[in-house]
Amino acid sequence: MRTLVFIPAWNEEASIAGVIAGVRSAIPEADLLVVDDGSTDATVERAREAGALVASLPFNQGLGAALQTGYLYALRGGYDACAHLDADGQHPAEEVARLLAEVTADRADLVIGSRYHAGAVAGSGDYRPTLSRRIGTSLFRFFLTLATRQRFTDTTSGMRAANRRVMALFSQHYSPDFAEIESLQLAVRQGLRVEELPVRMLERAGGSSFLTPLRSAFFIFKGLVVLLVGQFRPRHVEAGR
């Protein structure tokens with residue numbers, strides 16, 4: 001099966017080369033794309049030096065636009081499966097390979113790597129969420145589970161793998177602001193098989209998160225509004241149906 005791994009990146013010059021090297025080592029059969037979301041540092045140069053293909057957006061449009069670009073590239077490129085991970089070094093590539101194995105075995109359409117799943121075990125140097133992030137995750141987990149009637153533990157995980165059904169859906173319909181949360185709601189409402197696997201996540205290898213406590217509170221509020229609005233949106237008809 002032809003596989004694409006894509007990495008959305010915005011000002012991640014310190015970590016992007018290491019992330020690319022990790023993917024090359026763990027998933028050598030996959031093609032690799034870095035989606036540059038209007039970086040103003042040397043992210044693009046470091047990615048190309050590491051041997052990745054780079055798709056650059058003309059200016060910073062947010063995570064949702066970068067992810068949708070990756071899904072669209074995978075769909076138009078004829079890939080059978082795709083996966084994405086963050087550019088900050090938090091997502092071990094060998095864990096991404098496990099998610100892809102579920103998709104290529106046709107056990108799920110969309111697989112999420114969950115750091116909060118019952119089977120996930122954090123070790124030394126692994127990611128430790130802040131209090132505000134734990135609160136936000138708990139709220140999103142509760143309301144998304146209520147909205148979809150399917151239990152989720154890590155609604156904002158950026159480590160995912162998908163097949164062509166998901167590529168077709170997300171390349172056409174993807175939230176620019178709350179991509180991770182709304183995409184799960186959308187996928188379940190469309191009848192796709194969505195699964196979570198326990199994974200390890202590490203601390204950032206470079207850069208810093210843009211989420212301050214105030215931004216986190218605003219993010220939580222807007223995310224809950226997005227989930228509410230999503231419950232009243234009509235389902236999309238797949239091509240050929």
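Threonine 145 has a relative accessibility of 23% and therefore counts as partly exposed, where buried means under 20% relative accessible area, exposed over 50%, and partly exposed in between (1.4 Å probe, protein chains only). The model is predicted, so local features need pLDDT of at least 70 and side-chain atom pairs count only at pLDDT 80 or more, whereas totals for chains, interfaces and linings use all residues. Residues are numbered from 1 along each chain as its sequence is written, and side-chain values use heavy atoms, with hydrogens and water left out.

Threonine 145 belongs to helix H5; helices (H or I, at least four residues) and strands (E, at least two) are DSSP runs, numbered from the N terminus. Apart from neighbours within four places in sequence, threonine 145 is in contact with Phe140, Gln150, Arg151 and Phe152, contact being heavy atoms within 4.5 Å. Glutamine 185 lies 40 residues from threonine 145 along the chain, and their C-alpha atoms are 9.1 Å apart.

Helix H5, residues 131-148, also holds leucine 139, which is partly exposed at 31% relative accessibility. Together with Ile135, Phe142, Phe143 and Leu146, Leu139 forms a nonpolar surface patch with about 470 Å² of accessible area. Patches consist of residues with over 30% relative accessible area and no salt bridge, with like charges joined within 9 Å and nonpolar side chains (Val, Leu, Ile, Met, Phe, Trp, Tyr) within 5 Å. Accessible areas come from the Shrake-Rupley method with a 1.4 Å probe, and for residues only the protein chains shown count as cover.

The protein as a whole contains eight helices and seven strands. Of its 241 residues, 50% are buried. The accessible surface of the protein is about 11,300 Å², and carbon and sulfur atoms account for 57% of this area. Among contacts with a separation of 6 or more, 78% involve residues 24 or more positions apart.

Isoleucine 16, with residues up to four places away in sequence set aside, touches Ile7, Ala9, Val34, Thr43, Arg46, Ala47 and Ala87.

Aromatic rings are considered next. The structure has five aromatic pairs; rings of Phe, Tyr and Trp (its six-membered ring) pair if their centres lie within 6.5 Å, and planes under 30 degrees apart count as stacked, over 60 as edge-to-face and the rest as tilted. Tyrosine 71 and tyrosine 174 form a tilted pair, with 5.8 Å centre to centre and 55° between the planes. Because tyrosine 71 lies in helix H3 (residues 63-76) and tyrosine 174 in the loop between helix H6 (164-172) and helix H7 (179-189), the pair ties together parts that are 103 residues apart in sequence. Both tyrosine 71 and tyrosine 174 are buried. Phe6, Tyr71, Phe170 and Tyr174 form one aromatic cluster.

Side chains of opposite charge can pair when their charged atoms come close. There are eight salt bridges in the structure, each a side-chain nitrogen of Lys or Arg within 4 Å of a carboxyl oxygen of Asp or Glu. In one of them, aspartate 31 meets arginine 2 at 3.9 Å, N to O. Aspartate 31 lies in strand S2 and arginine 2 in the segment before S1, so their pairing ties together parts 29 residues apart in sequence. Aspartate 31 is partly exposed at 34% relative accessible area, and arginine 2 is partly exposed at 39%.

Another salt bridge joins arginine 98 and glutamate 95 at 3.1 Å, N to O. Both residues lie in helix H4, three residues apart, about one turn of the helix. Arginine 98 is partly exposed, with a relative accessible area of 34%, whereas glutamate 95 is buried at 11%. Glutamate 102 pairs with arginine 107, the closest N and O atoms being 2.9 Å apart, and glutamate 102 is buried at 13% relative accessibility.
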